[in-house]
Amino acid sequence: MQHLGETTEIAIIGGGICGLTTALALEQRGLSPTVYEAASEYQPVGAGILLQTNALLVFDRLGIADQIQSTGVPLDSGRILSMSGRTLQRFDLDGVERAHFDYGYVAIHRGDLQRLLLEELDSRVKTGKACAEVEDTDPPTARFEDGTRIHPDILVGADGINSTVRDVIAPDIELQTLDATVYRATATCELPEQHRTRGVEIWGKGTYTGGAPIDSDRFYWFATAPSPSPFETATTGRQSIMEQLRKYYSSFPEPVPTVINSVAPDEDIITTGLMDVPPLDQWSRGSVVLAGDAAHGMLPFAGQGAAQAIEDALALAAALSRYSDHTAALETYERKRKHRAERIRSESHWLGKFATIQSNLGCRARNHAVNLLPNSIFRRFRHRRTTGTSLPVTKEGIDLR
Ligand SMILES: Cc1cc2nc3c(=O)[nH]c(=O)nc-3n(C[C@H](O)[C@H](O)[C@H](O)COP(=O)(O)OP(=O)(O)OC[C@H]3O[C@@H](n4cnc5c(N)ncnc54)[C@H](O)[C@@H]3O)c2cc1C
């Protein structure tokens with residue numbers, strides 16, 4: 001069978017985690033994709049991100065897992081705490097993930113991850129190229145806001161949760177909102193020893209907060225608030241939001257108060273309304289295909305959005321490099337990825353509803369239930385999720401890079 005070659009033009013719309021990882025995976029298979037990114041330049045902004053074991057298994061195949069581990073912070077454990085500081089559940093990453101799969105979780109600054117991916121890439125990455133519309137799918141034509149057009153053989157929509165490319169595949173979908181806002185920032189601070197390799201989540205009343213160390217003295221912090229946020233009014237500015245967040249979280253368990261108090265006055269506070277993408281009937285049309293948040297943008301509560309985007313990247317590159325027929329390649333990719341990504345998206349949706357319950361009674365019942373659940377159930381669940389990672393293998397079961 002003839003395979004796609006260097007002359008096959010693959011355009012990737014969106015140069016986020018998914019687009020850059022897809023480009024890297026394609027390039028390692030001898031293909032030469034071009035990435036079109038809307039932003040005029042790459043800035044090292046953004047908060048931290050937790051890369052779970054399945055994401056690291058993909059990066060291992062791409063040969064960059066060690067660099068990611070040495071740039072970020074490999075965590076040895078995680079905790080879910082109540083507002084009063086009671087431990088509701090522990091995640092022994094060394095005992096489950098690292099023992100069975102060689103990788104635990106890594107917390108890393110998004111800017112560092114982006115830089116690593118860009119450094120690894122030989123492919124062309126064109127910035128300042130915002131896709132305005134996909135005009136045709138077979139063969140694809142995309143029009144950019146600057147009036148230019150491209151006519152690649154294959155067009156990958158990795159343009160995030162508000163995807164423009166998705167309009168040509170699933171024009172009528174509406175994003176589902178959670179009625180919650182999340183604040184994110186990084187802080188430079190001296191962390192007590194026990195927090196230097198540990199992630200934490202605190203399940204409060206309508207609020208969900210926590211984070212992880214991303215460096216020896218930097219911590220990535222997030223906190224949700226119900227919408228409309230009690231921390232914002234039409235007239236509040238950044239300073240006032242931070243003051244209210246500090247006040248609200250001052251009695252929460254450490255390290256949250258220390259971290260919020262250490263957020264520098266000029267540090268970006270990223271504010272995001274929480275949404276997810278409903279299940280799509282299909283991820284492709286003609287030779288246009290979706291990947292990452294464009295296909296299955298999910299709420300952040302399972303910490304799996306980027307991990308699923310990273311799994312898409314390798315699966316799509318493997319399918320495109322294996323089949324000369326685009327349709328067969330895109331069908332294989334969708335078969336491999338859609339069910340798993342949508343199941344995890346749905347789990348994250350329900351976890352989000354559960355983690356942001358607002359009534360006193362509901363919170364108490366939830367925390368009690370989480371505390372009563374045997375740790376072995378969580379261990380088995382995490383083990384199963386990692387075992388299910390979409391990694392390409394041959395018919396004989398041999399791992400492929
Ligand atoms: C609060 C929060 C916390 C999270 N924490 C985690 C976590 O800990 N672990 C985890 O695995 N996931 C996490 N996620 C999810 C994760 O951030 C996303 O799933 C991931 O970033 C998706 O990557 P992507 O490349 O598909 O989309 P994006 O990261 O959104 O990238 C899309 C790219 O496309 C560009 N673009 C957009 N429109 C166009 C256009 N029209 N033309 C050209 N380019 C365009 C954008 O500028 C961007 O660079 C979190 C999400 C949130 C909201």
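Visitor: What is the order of the strands in the seven-stranded open sheet?
Guide: The 7 strands run β6-β5-β14-β15-β16-β13-β17, with mixed pairing. Strands (E, at least two residues) and helices (H or I, at least four) are DSSP runs, numbered from the N terminus. You're looking at a predicted model, where local features need pLDDT of at least 70 and side-chain atom pairs count only at pLDDT 80 or more, while totals for chains, interfaces and linings use all residues. Residue numbers start from 1 along each chain as its sequence is written.

Visitor: What makes β6 and β17 edge strands?
Guide: β6 (87-92) and β17 (270-276) each pair on one side only. From one strand to the next, the twist averages 20 degrees.

Visitor: Why are β5 and β6 said to pair?
Guide: Two strands pair if DSSP finds at least two bridges between them. Strand β5 (residues 77-82) and β6 have 5 bridges, in the antiparallel sense, so they pass. In one of those spots, L81 has T87 of β6 as its bridge partner.

Visitor: Which strands does helix α10 lie across?
Guide: Helix α10 (residues 326-355) lies across β13 (176-188), β14 (198-203), β15 (208-213) and β17, and runs at about 120 degrees to β17. Such angles run from 0 to 180 degrees between N-to-C directions, with axes fitted to C-alpha atoms, for helices over the stretch in contact.

Visitor: Why is G48 called buried?
Guide: A residue is buried if 20 or more other C-beta atoms (placed from the backbone) lie within 10 Å of its own, exposed if 12 or fewer, and partly exposed in between. G48 has 26 such neighbours, so it counts as buried. L50, I49 and L51 are buried too, and both faces of β3 are covered.

Visitor: Which residues does G48 touch?
Guide: Not counting residues up to four places away in sequence, its contacts (C-beta atoms within 7 Å) include A107, H109, T186, G211 and Y220.

Visitor: What makes the reach of helix α9 close to the expected one?
Guide: The expected span is 1.5 Å times one less than the number of residues. Helix α9 (residues 305-322) has 18 residues and reaches 26 Å from first to last C-alpha, close to the 26 Å expected. It's largely enclosed by the rest of the structure, because 17 of its 18 residues are buried.

Visitor: How many residues surround the ligand?
Guide: There are 32, and the closest are G14, G16, G160, G292 and G305; to qualify, a residue's C-beta atom must lie within 6 Å of the molecule. α9 gives the most to this shell, with 4 residues, and α1 (17-27), β3 and β13 each supply at least two.

How values were computed:
Contact = placed C-beta atoms within 7 Å.
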